[in-house]
Amino acid sequence: MKGHFYFPREFKRLWAILDEIAKREGRSRSKILRECVEEYVRLHEPGNPQTRLDVILDRRAPPKEPPRCSYCSKPATYISYLKDGLFSVARAVYTCDLHRNLHRAQSPYYGERKL
Ligand SMILES: [Zn+2]
């Protein structure tokens with residue numbers, strides 16, 4: 001899969017530094033950019049956990065349910081980031097303490113955020 005990106009003129013200096021780093025580390029620019037995209041998706045995939053302002057202002061809207069563990073439906077205490085599939089895309093799931101610990105023990109790729 002190929003993609004095209006637009007970088008503004010002021011990005012030129014950063015682009016040159018990226019080239020230096022890539023050369024020094026023996027990696028391609030594409031690989032570094034792919035890693036950046038993976039990291040961004042891993043950090044942002046669950047979305048903004050804050051309630052949207054229009055939901056707060058709309059009194060007819062039902063109260064938002066607190067997140068539940070994706071495995072046992074207990075109240076979630078963490079968002080766990082798991083390696084998912086061949087392309088190493090991060091998948092985010094809500095977990096209770098028990099399932100968080102199970103993921104920590106089993107998953108080769110792991111990150112988390114406390115709720
Ligand atoms: Zn659980």
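The expected span of a helix is 1.5 Å times one less than its number of residues. The model shown in these views is predicted.

**Figure 1. Helix α2, residues 29–44, in the predicted model.** This helix has 16 residues. From its first C-alpha to its last, α2 reaches 22 Å, which is close to the 22 Å expected at 1.5 Å a residue. Helix α2 is hardly covered, and the count of buried residues among its 16 residues is zero.

**Figure 2. Helix α1, residues 12–25, and the glycine just after it.** Helix α1 has 14 residues and reaches 20 Å between its first and last C-alpha, close to the 20 Å expected at 1.5 Å a residue. Helix α1 is hardly covered: zero of its 14 residues count as buried. Just after α1 comes G26, with a positive phi of about 65 degrees. Within the protein chain, confidence is highest in α1, at a mean of 88.

**Figure 3. Helix α3, residues 53–57, where confidence is lowest.** The mean pLDDT of this helix is 62. For the protein chain, the mean is 79, and 77% of the residues reach 70 or more. Where pLDDT is low, the predicted coordinates should not be read in detail.

**Figure 4. Residues S73 and T77 in the loop between α3 and β1.** S73 has a positive phi of about 70 degrees, although S73 is not a glycine. S73 counts as exposed because it has 10 C-beta neighbours inside 10 Å, and the limit for an exposed residue is 12 or fewer. T77 has 17 C-beta neighbours inside 10 Å and therefore counts as partly exposed. Not counting residues up to four places away in sequence, T77 touches C96, D97, R100, K114 and L115. T77 and T95 are 18 residues apart in sequence, and their C-alpha atoms are 6.1 Å apart in space.

**Figure 5. The largest nonpolar core, with eight residues.** The members of this core are C69, A76, Y78, I79, Y81, A90, A92 and Y94. Strands β1 (78–84) and β2 (89–95) each supply at least two residues of the core. One of the core residues is Y78. Leaving aside neighbours within four places in sequence, Y78 is in contact with T95, R100, E112, R113, K114 and L115.

**Figure 6. The protein chain as a setting for the close-ups.** The protein chain holds four helices and three strands. From the N terminus on, these elements run α-α-α-β-β-α-β. Of the 115 residues in the protein chain, 10% are buried. Among contacts with a separation of 6 or more, 48% are between residues 24 or more positions apart.

Technical notes
Residues numbered from 1 in each chain as written. Predicted model: local features only at pLDDT ≥ 70, side-chain atom pairs only at ≥ 80, totals over all residues. Buried ≥ 20, exposed ≤ 12 C-beta atoms within 10 Å, placed from the backbone. Contact = placed C-beta atoms within 7 Å. Core = buried A, V, L, I, M, F, W, Y, C linked by C-beta atoms within 7 Å. pLDDT = per-residue confidence, 0-100.
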